[in-house]
Every structure is written in structure tokens, then in C-alpha cells.
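Here is a short tour of how one chain packs against itself. Have a look at the fold below, and then let us walk through it together.

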Amino acid sequence: MMKPQGRAHSQGGPGPGKQPPGGDRETFENYYRKQRKKQARLVLQPQANMHETVDGYRRYFNQIVGFFVVEDHILHATRGLVTRAFTDELWNMALSKIIAVLRTHS
């Protein structure tokens, strides 16, 4: 019997060519959390000219808020993909970076 052709993972995920190694849930959760940490670090990097206008700061903070809105949704909409402890860890990392950025660019 032939399997129907189509997308193997209809629920989304990392996308084509970005499948995590292995196939178990724990492996995927670790992969996902690692990717979200990388994304957080990117969001927390300010534009070079951010300090020149209030709008530059507004964009910077909007990016950060947007990241954590998504993170909060994932926390509440999934079963264990992220945890409160992981979200708190990301927030503490973000807070340290934001403080450093404001001290440098103010």
C-alpha cells in the first residue's frame, strides 16, 4: 500500500531542511528552545542609529515586546514546548541586555 504524498508535518515546525536531529519530543523541544534563544539575541541587538531618535527606541522596544507576546502565546497554547522557567530565563537575559543597551546608547 502506498502512502499518500504531501507534507509530512502539517502542523508547521522548523520548515523544510530545518528538521531537528532525531524525532522525539524532547529533542524537538531542546532544538526549539535553542532557536528561540538565538532569535531573542537577534531581537535584543539595537540598530546602530537607534539612539538618534525616539522612534528608534520605539522600534527597539516594539521588537522586544513582540518577541515576548509570541513567547507568552506559545507558553499558553502548547503543552510543554516552552516552560515558565524557560520564559523567565529569556526575560532575565533580555533585561540584562536591554539595561546594557540603554547605558551604552543613552
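Two residues are in contact when they have heavy atoms within 4.5 Å. Among contacts in the protein between residues at least 6 apart in sequence, 58% join residues at least 24 apart.

A word on the source: this is a predicted model, in which local features need pLDDT of at least 70 and side-chain atom pairs count only at pLDDT 80 or more, while totals for chains, interfaces and linings use all residues. Residues are numbered from 1 along each chain as its sequence is written, and side-chain values use heavy atoms, with hydrogens and water left out.

The protein has three helices and zero strands, in the order α-α-α from the N terminus on. Helices (H or I, at least four residues) and strands (E, at least two) are DSSP runs, numbered from the N terminus.

Two packed helices are described by the angle between their axes and the distance between the axes. Axes are lines fitted to C-alpha atoms, for helices over the stretch in contact, and angles run from 0 to 180 degrees between N-to-C directions.

| Pair | Axes come within | Crossing angle |
|---|---|---|
| α1 (residues 25-43) and α3 (residues 84-105) | 11 Å | roughly 20° |
| α1 and α2 | 10 Å | roughly 165° |

α1 is therefore roughly parallel to α3, with angles under 35 degrees counting as roughly parallel and those over 145 as roughly antiparallel. By that rule α1 and α2 are roughly antiparallel to each other.

What do the two contacts consist of? On one side, Arg33, Arg36, Lys37, Ala40 and Arg41 in α1 meet Phe86, Glu89, Leu90 and Met93 in α3. These residues divide into four nonpolar, no polar and five charged. In both counts, Ala, Val, Leu, Ile, Met, Phe, Trp, Tyr, Cys and Pro are nonpolar, Asp, Glu, Lys and Arg charged, and the others, Gly among them, polar.

Now to the interior. Of the 106 residues, 25% count as buried, meaning under 20% relative accessible area (1.4 Å probe, protein chains only). The largest nonpolar core holds 19 residues, of which Tyr60 and Ile64 touch the most other members. Such a core is a set of buried Ala, Val, Leu, Ile, Met, Phe, Trp, Tyr and Cys residues joined through side-chain atoms within 4.5 Å. α2 gives the most to this core, with seven residues.

Notes
Angles under 35 degrees count as roughly parallel, over 145 as roughly antiparallel, 65 to 115 as roughly perpendicular and the rest as oblique. Buried means under 20% relative accessible area, exposed over 50%, partly exposed in between (1.4 Å probe, protein chains only).
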